[in-house]
Amino acid sequence: MRTRTTLLSLAVALLCAGAATAGNGPAKFLFRFQGQLTATPSNGGVPITVQGGNKAALQAMLGQPVAQTFAYGATTEFLKWSKGIPTVVQAGDLAAGDYVTVNVRAPRDSNLAAIEQQAAGIVGDLFRGTLTSVGASGVTVHVTGGDRRALRLLIGNSSDETFTFGDTTIFLLWQGKVPTVIDASKLVVGDKIIVRIRADKGSSLAQVESIPANHVGDREPAAKA
């Protein structure tokens with residue numbers, strides 16, 4: 001059976017990330033676009049063929065071609081993932097054909113053109129919540145958010161769930177926008193964390209929880225960018 005990512009928005013190899021813009025204007029709303037790069041990002045633009053996204057992003061795409069270009073600027077970070085570990089790279093380190101997720105913060109009523117003018121924001125996905133305990137092979141999380149597939153699995157279930165980790169799980173401690181690889185013993189109860197898991201399409205919550213997480217991000221800024 002072909003394995004697919006069900007709790008990730010995409011099985012991304014690369015994530016484009018940038019800092020949120022401060023200001024006193026309208027509250028910013030998250031638009032998440034996913035797809036493949038059509039060329040290496042350059043001249044302030046990330047050109048992709050849009051293949052998916054969250055509800056807000058897909059609504060903005062109605063009636064629009066799939067080929068779109070999103071802005072990046074001096075504050076934008078590009079993270080390249082290898083075996084679950086992110087490294088800060090330059091735009092030129094990305095290549096056509098790479099799968100990327102681009103998050104943009106803009107006023108809720110923005111049209112696609114306005115969204116594309118905003119610098120990309122840090123990615124947030126999967127199960128998000130507060131760490132309540134760390135065991136020998138699992139982390140218990142009070143889930144407060146996540147992507148659509150993750151939240152659908154929680155319908156009718158407790159918001160307090162335990163996710164498995166193993167030898168292949170990568171633990172990351174984020175300080176600002178810089179991640180450091182740590183071990184499970186360095187996780188801090190009460191911290192905000194994100195749990196990423198890859199599982200077959202159609203897996204139940206119990207099945208998902210039994211699969212070792214791909215990585216666990218402590219204080220990950222993705223959800224708030």
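**View 1. Phe165 is a buried residue with a relative accessible area of 12%.** The model shown here and in the other views is predicted. Phe165 falls under the 20% cut-off, so it counts as buried.

**View 2. The rings of Phe33 and Phe70 form a tilted pair.** The structure holds three aromatic pairs. In this one, the ring centres of Phe33 and Phe70 lie 4.6 Å apart. Their planes meet at 40 degrees, so the pair is tilted. Phe33 sits in strand β2 (residues 28-37). Phe70 belongs to strand β4 (residues 67-71). Phe33 and Phe70 are both buried.

**View 3. Phe165 and Phe171 pair edge-to-face.** Their ring centres are 5.1 Å apart. The planes stand at 85 degrees, so the pair is edge-to-face. Phe171 is buried, with a relative accessible area of 5%.

**View 4. His215 makes a side-chain contact with Arg196.** The residue His215 is part of strand β15 (residues 215-218). Its relative accessibility is 1%, so His215 counts as buried. A polar contact of 2.7 Å connects the side chains of His215 and Arg196.

**View 5. Ser210 lies in helix α4 (residues 205-210).** The side chain of Ser210 reaches the backbone oxygen of Gln207 at 2.7 Å. Gly138 is 72 residues away from Ser210 along the chain. The C-alpha atoms of Ser210 and Gly138 are separated by 9.3 Å.

Methods
Residues are numbered from 1 along each chain as its sequence is written. This is a predicted model: local features need pLDDT of at least 70, side-chain atom pairs count only at pLDDT 80 or more; totals for chains, interfaces and linings use all residues. Side-chain values use heavy atoms; hydrogens and water are left out. Helices (H or I, at least four residues) and strands (E, at least two) are DSSP runs, numbered from the N terminus. Buried means under 20% relative accessible area, exposed over 50%, partly exposed in between (1.4 Å probe, protein chains only). A polar contact is a pair of N or O atoms within 3.5 Å; within protein, one must be able to donate a hydrogen and the other to accept it, and residues adjacent in sequence count only if both atoms are side-chain atoms. Rings of Phe, Tyr and Trp (its six-membered ring) pair if their centres lie within 6.5 Å; planes under 30 degrees apart count as stacked, over 60 as edge-to-face and the rest as tilted.
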